[in-house]
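Hello,

Here is the structure I promised to pass on. My notes follow below it.

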Amino acid sequence: MSLINTKIKPFKTTGYRNGAFVDVTEADLAGKWNVVFFYPADFTFVCPTELSDLQGIYAELQGMGVEVYSVSRDSHFVHKAWHETSPEVGTLTYTMLGDVQGVITENFDNMRPESGLSDRSTYVIDPDGVIQYLETTPEGVGRKADELLRKIKALQYVRNHPGEVCPAKWEEGDETLTPSFDLVGKI
């Protein structure tokens, strides 16, 4: 069953952000767009490249009213240690959520049962707490932040322009489509 168009479930955890431990619940995600960016584990190989790439667009996302939370099954203590020792992870300014108990990972149906780790998955949640987008890639394939940025722009456009949709390869400023009976078979 897809989680698209479902509300996020309650959670409470501690994360690491900008040199401090912070408590975070699902209520902190309310009223704004959010990216929940799962990765398998700290001190791994593909994960720091993805997290750093996401940091590269973080300021632009914030300007669009989007907050970012990375999540792994590691604790907030391990996130702090990784942040202090990895050149790539040390640049992160968004919140790294700990999920030792696996509550968040289970809430997002993102647990790999054979390992107990999170899948490499991205969820975009709208201001109403509804999941609008999800993507899961295999273990060895990293995600690209610029593509996520494009998709968030499309999601926000569609939310703000009811009745319009964004075709393949849509970029901000491109033409959209208005589905109608007369458009059937004309594309």
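How many helices and strands does the secondary structure of the protein come to? It comes to four helices and nine strands. Helices (H or I, at least four residues) and strands (E, at least two) are DSSP runs, numbered from the N terminus. Along the sequence, the pattern reads β-β-β-α-β-α-β-α-β-β-β-β-α.

Two points on the ground rules. This is a predicted model, so local features need pLDDT of at least 70 and side-chain atom pairs count only at pLDDT 80 or more, while totals for chains, interfaces and linings use all residues. Residues are numbered from 1 along each chain as its sequence is written, and side-chain values use heavy atoms, with hydrogens and water left out.

**Overall shape**

The radius of gyration is 17 Å, close to the 16 Å that the globule rule gives for 187 residues, so the protein is as compact as a globular protein of that length. That radius is taken over C-alpha atoms, and the globule rule is 2.2 Å times the number of residues to the power 0.38. Along the principal axes, the C-alpha atoms fill a box of roughly 60 × 30 × 30 Å.

Of the 187 residues, 47% count as buried. Buried means under 20% relative accessible area, exposed means over 50%, and partly exposed is in between (1.4 Å probe, protein chains only). The accessible surface comes to about 9600 Å². Carbon and sulfur atoms hold 55% of that surface. The areas come from the Shrake-Rupley method with a 1.4 Å probe; for residues, only the protein chains shown count as cover.

Take contacts between residues at least 6 apart in sequence: 66% of them join residues at least 24 apart. Contact means heavy atoms within 4.5 Å.

Now the charges. There are 17 positive and 28 negative ones, and their mean positions are 1 Å apart. Lys and Arg count as positive, Asp and Glu as negative; His and the chain ends are not counted. Each charge is placed at NZ of Lys, CZ of Arg, CG of Asp or CD of Glu.

**The cores**

The largest nonpolar core has 25 residues. Such a core is a set of buried Ala, Val, Leu, Ile, Met, Phe, Trp, Tyr and Cys residues joined through side-chain atoms within 4.5 Å. Val35, Leu54, Leu61, Val124 and Ile152 have the most contacts inside this one. At least two of its residues come from each of β3 (33-38), α1 (46-63), β4 (66-72) and α4 (145-160). The largest share, six residues, is supplied by α1. Another core lies apart from it, with 15 residues, among them Ile8, Phe38, Tyr69 and Leu97.

Start with Val35. Neighbours within four places in sequence aside, Val35 is in contact with Val66, Glu67, Val68, Tyr69, Thr122, Tyr123, Val124, Leu148 and Ile152.

Two of those partners deserve a look. Val66 lies in strand β4 and is buried, at a relative accessible area of 3%. Residues up to four places away not counted, Val66 touches Trp33, Asn34, Val35, Leu61, Ile152 and Gln156. Pro48 is 18 residues from Val66 along the chain, and their C-alpha atoms are separated by 21 Å.

Val68 is also in strand β4. Its relative accessibility is 0%, which counts as buried. Beyond four places in sequence, Val68 has contacts with Val35, Leu54, Tyr58, Leu61, Tyr94 and Thr95.

**Backbone angles**

Most residues other than glycine have a negative phi. Which way does the phi of Asn18 go, positive or negative? Asn18 has a positive phi of about 50°. Asn18 sits in the loop between β1 (12-17) and β2 (20-25) and counts as partly exposed at 49%. Phe43 has a positive phi too, of about 60°. Phe43 is in the loop between β3 and α1, partly exposed at 46%.

**Out at the surface**

Ala59 lies in helix α1 and is exposed, at 60% relative accessible area. From Ala59 to Asp126 is 18 Å, C-alpha to C-alpha. Ile187 is in the segment after α4, exposed at 77%. Ile187 and Glu135 are 27 Å apart, C-alpha to C-alpha.

Best wishes
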